[in-house]
Amino acid sequence: MNLIRVDFSSDIGFGHLKRATLFSEKLKLKNEKIVIICKECEQKQTNFPIIQIKDENEFFEIVKKLKPDKVIVDNYNFTYEDEKKFKTLFPEIKLICFDDTYEKHFCDEIINVNPAAKKEKYKNAKVTILKKPLVDSSFEKVKKKHFKKDGIFISFGGTDAKGMSLRVLKILKPHKPKVHLYTTSANKNLDKIKKFCFLNKWCKLHVDKNVALGMAKAKFGIITPSTIALEAMYMNMPFIAVEVADNQKEISKYLKQKRIKVLSEREIQKIPRFIP
């Protein structure tokens, strides 16, 4: 058995859940039982069984009871002290932690998804830099096919907690480009986005649809400098990125090194000038 300690919701987003579960599959854990442990979560977003907890002490009690082989943590609120306590209580269980911002760790292995991450910035743990993006089978399948490229792919994550999708659509309105906006049913602004796209036919809304297929068909993308940017590079989709969170800074640096335009949230009015 393997446990994934991750939180995900309309406010937090689903990115951590996505990469932790994908990483589990890459570890060839598909045939082993995987259980998700969370404080804040939405059951409908995953097919894995969920155990909800109140705090990390309750998490440690579950670990003690279930005795997993590995525990994968993708949670900024699981601190260095939590990791240290975990390894004190369970020295025989491998603790794997995702990290985006070079935090201090007390685990067995650190996973950083930024291909340009520096191993030397970490101490006292094995560090794995993912040179290849964590992509599910849907990306691998559509990449093998050839599609006519048309329109602009836009996605600010499954929940788009900052409401960036609607803000960008309003900026693009005077230009009326052909847009395909991808989001999920967990987006709190979904009703407003539906209304906007209904009134502006140049914008087509895709809810809970295949993001990989959307990228494969698009000429260009407007996305965030996060895992989705690495997926876009895997799909060879040209794009600009809009940085909306602190944990996106490292991938932003990597994209800039690759001469990919990254805008701050304050610079979104500039978006139209970068669209081919």
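This is a predicted model: local features need pLDDT of at least 70, side-chain atom pairs count only at pLDDT 80 or more; totals for chains, interfaces and linings use all residues.
Good morning. By contact I shall mean heavy atoms within 4.5 Å of each other.

K87 lies in helix α3, which covers residues 80-89. Leaving aside residues up to four places away in sequence, K87 touches I93, K94, L95, F106 and D108. Is K87 buried or exposed? Its relative accessibility is 13%, and the limit for a buried residue is under 20%, so K87 counts as buried.

I turn now to the sheet. Six strands, or in figures 6, form an open sheet, and their order is β10-β9-β8-β11-β12-β13. The pairing in this sheet is parallel. Which strands stand at the edges? They are β10, at residues 203-207, and β13, at residues 262-264. Each of these has a single partner strand, so one side of each is left without a neighbour in the sheet. On average, and with direction ignored, neighbouring strands of this sheet are turned by 20° against each other.

Let us follow some of the pairings in turn. Strand β8, residues 152-154, is joined by 3 bridges to strand β9, residues 179-183, and the two run parallel. Within that pairing, I152 stands opposite V179 of β9. Strand β8 also pairs with β11 in the parallel sense, again over 3 bridges, and here F153 stands opposite G221 of β11. Strand β11 in turn is joined to β12 by 3 bridges, and these two run parallel. In this case I223 is found opposite A241 of β12.

Helix α5, residues 164-172, lies across β8, β9, β10, β11 and β12. Its direction is at about 170° to that of β9. Helix α9, residues 249-257, lies across β12 and β13, and runs at about 150° to β12.

Which residues of α9 are buried? They are E250, I251, S252, Y254 and L255. The elements that cover them include α8, at residues 227-234, together with β12 and β13. After α9 comes R259, whose phi is positive, near 65°.

A116 is placed in the loop between β6, residues 109-112, and β7, residues 126-129. Between A116 and K253 there are 137 residues of separation in sequence, yet their C-alpha atoms are 8.6 Å apart in space. Not counting residues up to four places away in sequence, A116 touches Y254 and Q257.

K176 is found in the loop between α5 and β9, and with a relative accessible area of 52% it is exposed. N236 has its place in the loop between α8 and β12, and at 60% relative accessibility N236 counts as exposed.

I close with a pocket. How much volume does the second largest pocket have? The value is about 190 Å³. Its lining consists of K148, D150, K178, H180, Y182, H206, K209, N210, L213, G214, K217 and A218. By class, that lining has 3 nonpolar, 4 polar and 5 charged residues. Strand β9 and helix α7, the latter at residues 211-217, each supply at least two residues of the lining. The element that gives the most is α7, with 3 residues.

Thank you for your attention.

Technical notes. Residues are numbered from 1 along each chain as its sequence is written. Side-chain values use heavy atoms; hydrogens and water are left out. Two strands pair if DSSP finds at least two bridges between them. Helices (H or I, at least four residues) and strands (E, at least two) are DSSP runs, numbered from the N terminus. Axes are lines fitted to C-alpha atoms, for helices over the stretch in contact, and angles run from 0 to 180 degrees between N-to-C directions. Buried means under 20% relative accessible area, exposed over 50%, partly exposed in between (1.4 Å probe, protein chains only). On a 1 Å grid over the protein atoms alone, a cavity is a set of points where a 1.4 Å probe fits but cannot get out, and a pocket is an open set with protein on both sides within 12 Å along at least five of seven lines; lining residues have an atom within 4 Å of a point. Grid points are joined across faces, edges and corners, and a volume is the space filled by probe spheres set on the points. Ala, Val, Leu, Ile, Met, Phe, Trp, Tyr, Cys and Pro count as nonpolar, Asp, Glu, Lys and Arg as charged, and the others, Gly among them, as polar.
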